[in-house]
Structures are given as C-alpha cells and as structure tokens.
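Please look over the sequence and the fold shown here. The paragraphs that follow lead through one part of the fold after another.

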Amino acid sequence: MTTRLAMLPFVILAACADSTLIRTEPPGAAIYVRKNFVCLSPCEYTAPRSEFSPHTPIRIEKTGYQPIETELKSKIMPSRIVGGVFTLGIVPIFKRPYTYYSHQEYALSPITVAAAPVAPVQPEQRGTGEGSIQQSRPQDFAERLRKAQDLYDKGLISDQEYKRARNQILNDF
C-alpha cells in the first residue's frame with residue numbers, strides 16, 4: 001500500500017502533458033503552435049496540461065512551399081474514461097479524455113511560379129545602337145529568381161525583401 005502511495009506523485013506528474021510526433025515531407029519545416037514557434041520537423045510537441053486542447057491550431061512553413069494551417073489531430077481515449085469511472089473521477093482530474101494522435105504527418109506542396117507568356121519583340125523595338133535597351137532572355141529571369149531565392153535561403157535578405165525582389169523580377173518579365 002505504501003508503495004502505491006509513493007508512486008502516486010509520479011503518476012500524477014506523468015499525467016500532466018500530452019505529446020505527438022510531427023513529421024513533414026520534406027523535413028525541416030517550421031512548426032508553429034498557437035502562433036508560437038516550437039520546433040523544426042520532425043519533432044515531438046508536448047502540450048502542458050494547462051494548454052492542451054482538442055482543437056490546437058498549428059501552422060507549418062517552409063521556404064518554397066505553401067504553408068499549412070490546420071489543427072493537431074486529437075482523439076478520445078476510452079481507457080481514460082473507464083479509468084475515471086473506476087477511480088470515481090480522480091483520473092479526469094489529471095488527464096482529460098482527449099489526447100493527440102501519437103504521430104501526425106503533413107505533406108507540403110511546392111510553390112510553383114507560372115511562366116508568363118513572352119511577347120514577341122518587333123524588329124523596330126530591338127536595340128542596336130549604343131544606350132539602347134536590350135530585351136532580356138527568359139534564362140536571365142530564371143537566374144535572377146534563383147539568385148533571389150538563394151539570398152533568402154541563406155538569410156541575407158528578409159521575407160519582405162525577397163517578395164519585393166521576386167515581384168520586381170516578375171514584373172520585368
């Protein structure tokens with residue numbers, strides 16, 4: 001009997017959090033729970049009892065992929081309900097009947113930039129003299145987009161600067 005009483009604090013402490021393993025394809029996506037960064041995938045998210053909710057909002061972001069906004073999947077645990085009945089309501093004090101699924105997987109979709117049709121250049125528009133404006137080839141635009149993405153991936157420019165540069169390149173196209 002005294003052994004059971006001695007183990008009671010450990011059972012209570014173990015019952016204070018729910019966790020789930022979050023995986024993404026591709027890995028390395030930033031995981032935000034309730035708008036707060038928690039980890040890079042794959043990772044285990046543990047919700048303290050005070051913050052657990054069956055409707056926990058989550059946002060997943062990775063450069064070059066469309067963000068995902070959803071909720072962590074949760075389920076009802078029949079064993080917790082049965083435990084609550086047999087312990088005369090003591091188990092639900094420490095553990096709610098809901099828990100997260102043991103693992104959750106999300107597939108990110110790449111952002112695709114549709115190529116705009118190139119207008120044909122009329123012979124009279126072609127520059128031949130000094131100081132005339134030459135039409136850029138499509139490869140130049142692709143290279144400029146790659147350079148902007150590379151600067152952003154290396155953290156040398158902010159998200160806002162990257163978007164501004166990308167929009168300028170696309171507008172020039």
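**A sheet and a disulfide**

Pro57 stands opposite Glu71 in β6. Another such pair is Arg59 and Glu69, the latter being the bridge partner in β6. The strands involved are β5, which covers residues 57-61, and β6; the two pair in the antiparallel sense over four bridges. Strands here are DSSP runs (E, at least two residues), numbered from the N terminus, and two strands pair if DSSP finds at least two bridges between them.

This is a predicted model, in which local features need pLDDT of at least 70, side-chain atom pairs count only at pLDDT 80 or more, and totals for chains, interfaces and linings use all residues. Residues are numbered from 1 along each chain as its sequence is written, and side-chain values use heavy atoms, with hydrogens and water left out.

Between β5 and β6 lie six residues, and the two strands form a hairpin. Gly64, in the turn, has a positive phi of about 90°.

A search of the whole structure finds one disulfide, meaning a pair of cysteine sulfur atoms within 2.5 Å. Cys39 and Cys43 form this bond, with their sulfur atoms 1.8 Å apart. Both Cys39 and Cys43 are buried (under 20% relative accessible area, with a 1.4 Å probe and protein chains only).

Conventions: Buried means under 20% relative accessible area, exposed over 50%, partly exposed in between (1.4 Å probe, protein chains only).
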